[in-house]
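I am keeping notes on one model today. Each entry says what I looked up and what came out.

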Amino acid sequence: VVGSIWLGDCAQVQSSISDYYHTVMRDGLVGTLCAIAFFLFAYRGYDVRDFWATRAAAVLALFVAFFPTIFTDVAEPPCNTVREINNPLVNTIHFTSALLFFLVLAYISLVLFTKTDHPEAMGQRKKNRNRVYRVCGWVMLWCLALLALYFAWLRHTWPGLAPYDPVFWLESIALWAFGISWLIKGE
């Protein structure tokens, strides 16, 4: 949002984070997703579940980056439109990858970050961190559930919600939740 305002003189919040692909922030969005993929790919973790979950999330982040969304319910495209992709297959790959990406991130936070070799000897600090990981994971899942509700029902029933950009805000909250979880895990 800030980059779009600063570089493109566009104060309009886009409908979703992915819609920034169609603004002057396209390279920033793709670069950020590639950086996230790199960090997830570089994360070693503790066992094979960590390895495969972070690798899957990395690949899914790349799919989100390189298969951009199309405008489906936007009456007029966002400001500073760079170009519009109009391929339903690309759109399907994008949305499927984004959904799976968020689900894998929630799994990482809820299951992998809360693991311990010796649960009976878990200290208070680990218990507190586990609470944060669980809250962050559940926040991500609730955001996904609200997104599903919005796409399945609310956007048709209450079209007046669209100007408030619920998809953008729910995606942002889910990403911030994972970011908090990741930062705490990385100490």
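I looked up what Asp165 touches and found Val13, Gln14 and Ser15, leaving out residues up to four places away in sequence. Contact here means heavy atoms within 4.5 Å. The model is a predicted one: local features need pLDDT of at least 70, side-chain atom pairs count only at pLDDT 80 or more, and totals for chains, interfaces and linings use all residues. Residues are numbered from 1 along each chain as its sequence is written, and side-chain values use heavy atoms, with hydrogens and water left out.

I then placed Asp165: it is in the loop between helix 5 (124-157) and helix 6 (166-185). Helices are DSSP runs of H or I with at least four residues, strands are runs of E with at least two, and both are numbered from the N terminus.

Is Asp165 buried or exposed? Asp165 has a relative accessible area of 11%, so it counts as buried. The cut-offs are under 20% for buried, over 50% for exposed and partly exposed in between, with a 1.4 Å probe and protein chains only.

Asp165 has none, and the nearest side chain of opposite charge, Arg155, is 12 Å away. In this count Lys and Arg are positive, Asp and Glu negative, and His and the chain ends are left out.

I noted the backbone too. Most residues other than glycine have a negative phi. Asp165 is not a glycine, yet its phi is positive, about 50 degrees. I found another case in Glu187, with a positive phi near 55 degrees. Glu187 lies in the segment after helix 6 and is exposed, with a relative accessible area of 80%.

Next I took helix 6. At 1.5 Å a residue, its 20 residues should span 28 Å, and the end C-alpha atoms are 29 Å apart, which agrees. The expected span is 1.5 Å times one less than the number of residues. I listed its buried residues, among them Val167, Phe168, Leu170, Glu171, Ala174, Phe178 and Lys185. What covers the buried residues of helix 6 includes helix 4 (88-112) and helix 5.

How many aromatic pairs does a search of the whole structure find? It finds 14. Rings of Phe, Tyr and Trp (its six-membered ring) pair if their centres lie within 6.5 Å; planes under 30 degrees apart are stacked, over 60 edge-to-face, and the rest tilted. Tyr20 and Phe168 form a tilted pair, 6.1 Å centre to centre with 55 degrees between the planes. Tyr20 is in the loop between helix 1 (2-8) and helix 2 (26-42) and Phe168 is in helix 6, so the pair ties together parts 148 residues apart in sequence. Tyr20 is buried at 6% relative accessibility, and Phe168 is buried at 7%. Trp153 and Trp158 form a tilted pair, at 5.7 Å and 55 degrees. Trp153 is partly exposed at 43%. I also wrote down one aromatic cluster, formed by Tyr43, Phe113, Tyr133, Phe178 and Trp182.

Last, I looked up His94, which is in helix 4. His94 is buried, with a relative accessible area of 2%. Leaving aside neighbours within four places in sequence, His94 is in contact with Ser18, Val64, Phe67, Pro68 and Thr69.

Conventions:
A salt bridge is a side-chain nitrogen of Lys or Arg within 4 Å of a carboxyl oxygen of Asp or Glu.
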